[in-house]
Amino acid sequence: MASKITHGFTEPRIFTKPLRELTRETSRGFEAIRFAEKVLNVRLFPWQKWLFIHLLELNPDGTLRFRKALVIVARQNGKTLIAAVLAAFFLYVDSVRWPEYIKPRDFVIVGAAQKLDIAMKPWTQVRQWGGPDDPRIGIAHDRVPILQAVTRMPRTANGETELVTTEGAVYRPRTFEGARGYSSARLILDELREQHDYVGWSAIEKSATAMFDSLLLAFSNAGTAKSEVLRDVRTIAHESVDKRNAQWFIAEWSADEDADLDDPRAFAQANPSAGYLPAMTIDGLMQTAAEAKNKNIERIEVLCQWVSAQIEPYIDVSEWKAGFVSPFEVSIPRGSRTVWGVDVSFDRRWTWISAAVFLDDGRPFVQLRERHKSMFKAVDRLAELAAESGSSEVALQSRGSASMELVQPLREKGLTVHEIDGGHIGLATGRFRDRVRSGELAHTEQPLIDLGIEGGIVKRIAENEAWDRYRSVVDVAGVVSETVALYGLEVLTPGDEVYSAYQDYDVMTF
């Protein structure tokens with residue numbers, strides 16, 4: 001049955017309230033809309049006009065009210081076009097607005113994303129509008145002659161891709177890392193959810209707030225537990241939607257947190273372009289979601305729901321917590337065999353080392369021991385642990401993950417490497433859950449591992465299921481390291497008799 005809701009909602013579910021009525025005198029958005037429609041010949045949807053008007057609200061002195069802004073909307077709703085329109089407006093209009101405070105030659109726009117090809121998409125569209133005809137690429141049908149007349153030939157070589165006006169204003173596409181070196185009048189970020197820590201974010205944020213009438217504008221889909229920066233920014237913005245001195249502007253087109261995938265209103269809340277784009281309808285979005293195998297991905301990408309509240313973990317969290325033991329209660333018989341487990345995060349940021357051993361009551365015990373930023377430093381560390389403890393067996397996934405690179409270096413260190421291939425990794429994952437369900441697996445409380453349990457999901461391999469590093473909403477590599485350690489301990493051949501790695505070293509908590 002077709003839904004009675006045919007179009008996405010114009011007004012976002014959550015947004016920062018304006019201080020006064022928004023008119024041509026109180027918002028620069030009306031000017032941006034006119035520029036888009038009359039100069040660029042772009043037809044804006046109702047929600048896009050709403051965004052321009054509210055985002056570009058003005059102070060009484062004519063400067064922008066908001067210096068930082070966050071726009072959250074589901075995928076395929078036209079974020080790239082919006083970013084391009086705004087970038088063009090900033091480049092050709094705003095760059096010459098305040099010459100007494102910021103000269104055009106000092107007006108820098110940086111468009112940044114995790115990957116350069118994503119940052120290039122809005123830049124390429126602006127080039128299509130304003131870039132001079134280039135015999136190498138032909139004459140684009142959407143060239144705008146009045147913008148061509150004030151634009152120099154683009155630079156696209158030696159990592160210095162940029163579009164420059166005759167007045168000297170410049171638009172540069174960069175990666176997040178590359179954006180850190182510029183003081184920007186305008187910083188347009190795509191997919192803020194890909195900023196997983198504050199190492200680079202602090203520099204990026206400061207670069208767009210040091211100039212007169214500057215603006216940092218971030219676009220994103222919903223985040224996951226990995227999206228540390230987006231989570232914090234979103235929280236700050238939510239808390240200040242009614243404040244006069246709001247630090248962040250937010251416009252969030254998202255479904256209610258408890259909305260289901262069969263609720264047409266939820267799809268209209270998160271997809272404001274639905275019904276305006278020929279290929280996007282409410283009914284079509286619902287049908288695709290109904291057929292999707294991973295419902296959590298649909299919630300993130302189509303409903304813009306924060307997935308940490310929706311994840312259905314592979315291992316029941318209450319069952320996992322039931323296996324907690326105090327470090328002081330861990331008793332391991334002398335001479336017990338220990339197997340190390342090692343795994344590498346999907347983004348290769350961390351290499352995790354865990355250990356598995358039998359307790360004196362016969363239960364298997366697993367624990368994260370260490371994690372390292374360098375894969376090969378972890379190899380050296382495993383060799384040290386083996387030499388110190390006499391436990392030289394290491395288990396790891398030998399196909400389909402970055403940990404396969406460690407097989408040969410570990411063997412060169414004289415360690416016994418148990419290779420758990422693609423099929424057996426599913427068996428290992430299932431065994432890990434079985435032990436948790438039955439209450440047979442003992443482990444201490446460790447926040448890094450506990451978080452992996454709460455957000456870890458699996459993928460199907462043949463007739464089994466295995467941890468999915470890519471789609472899990474947290475880093476599950478630590479859990480994988482415990483999983484392979486347990487499998488090595490219980491299933492694989494021990495080899496030479498060894499002493500327990502815990503005989504001379506205390507239980508460690510992460």
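User: In this predicted model, which residues touch the most other members of the largest nonpolar core?
Analyst: The model is predicted. Its largest nonpolar core holds 57 residues. Those that touch the most other members are Leu40, Leu51, Leu56, Leu86, Phe90, Val126 and Trp129.

User: Which element supplies the largest share of this core?
Analyst: Several elements each give at least two residues, among them helix H1 (29–39), helix H2 (46–55), helix H4 (116–130) and strand E2 (68–72). The largest share, 11 residues, comes from H3.

User: Which residues is Val126 in contact with, leaving aside its neighbours within four places in sequence?
Analyst: Val126 is among the core members that touch the most others. Sequence neighbours within four places are set aside here. The contacts of Val126 are then Ala84, Ala87, Ala88, Leu91, Tyr92, Gly131, Leu163 and Tyr171.

User: Is Phe90 buried or exposed?
Analyst: Buried means under 20% relative accessible area. Phe90 has 1% relative accessibility. Phe90 therefore counts as buried.

User: How many aromatic pairs does the whole structure hold, and what is the geometry of Phe89 and Phe90?
Analyst: A search of the whole structure finds 14 aromatic pairs. The ring centres of Phe89 and Phe90 lie 6.2 Å apart, with planes at 55°. Phe89 counts as buried, at 1% relative accessibility. The count is 14, and the Phe89 and Phe90 pair is tilted.

User: What is the geometry of the pair formed by Tyr314 and Trp467?
Analyst: Their ring centres are 5.4 Å apart and the planes stand at 80°. Planes over 60 degrees apart count as edge-to-face. The Tyr314 and Trp467 pair is therefore edge-to-face.

User: How many residues apart are Tyr314 and Trp467?
Analyst: The pair links distant parts of the chain. Tyr314 is in the loop between helix H10 (295–301) and H11, whereas Trp467 is in strand E15 (residues 464–467). Tyr314 is buried at 10% relative accessible area, and Trp467 counts as buried at 4%. The two are 153 residues apart.

User: Why is strand E6 (residues 186–190) largely enclosed by the rest of the structure?
Analyst: Both faces of E6 are covered. One side has Arg186, Ile188 and Asp190; the other has Leu187 and Leu189. E6 is largely enclosed because the buried residues number five of the five.

User: Which residues of helix H15 (residues 447–455) are buried?
Analyst: The cover over the buried residues of H15 includes helix H11 (317–322), strand E11 (364–372), helix H14 (422–437) and helix H16 (477–490). Under that cover, the buried residues of H15 are Ile449, Asp450, Gly452, Ile453 and Gly455.

User: How far from the ring centre of Trp350 is the charged end of Arg371?
Analyst: Lys17 lies over the face of Phe15, at 4.5 Å from the ring centre. Phe15 also belongs to a cluster linked by ring pairs, with Trp47, Trp50 and Trp253. The charged end of Arg371 sits over the ring of Trp350, and its distance from the centre is 3.8 Å.

Technical notes
Residues numbered from 1 in each chain as written. Predicted model: local features only at pLDDT ≥ 70, side-chain atom pairs only at ≥ 80, totals over all residues. Heavy atoms only, no water. Buried < 20%, exposed > 50% of the residue type's maximum accessible area, 1.4 Å probe, protein only. Helix = DSSP H or I, 4+ residues; strand = E, 2+ residues; numbered from the N terminus. Contact = heavy atoms within 4.5 Å. Core = buried A, V, L, I, M, F, W, Y, C linked by side-chain atoms within 4.5 Å. Phe/Tyr/Trp six-rings, centres within 6.5 Å; stacked < 30°, edge-to-face > 60°. Lys NZ or Arg CZ within 6 Å of the ring centre and 35° of its normal.
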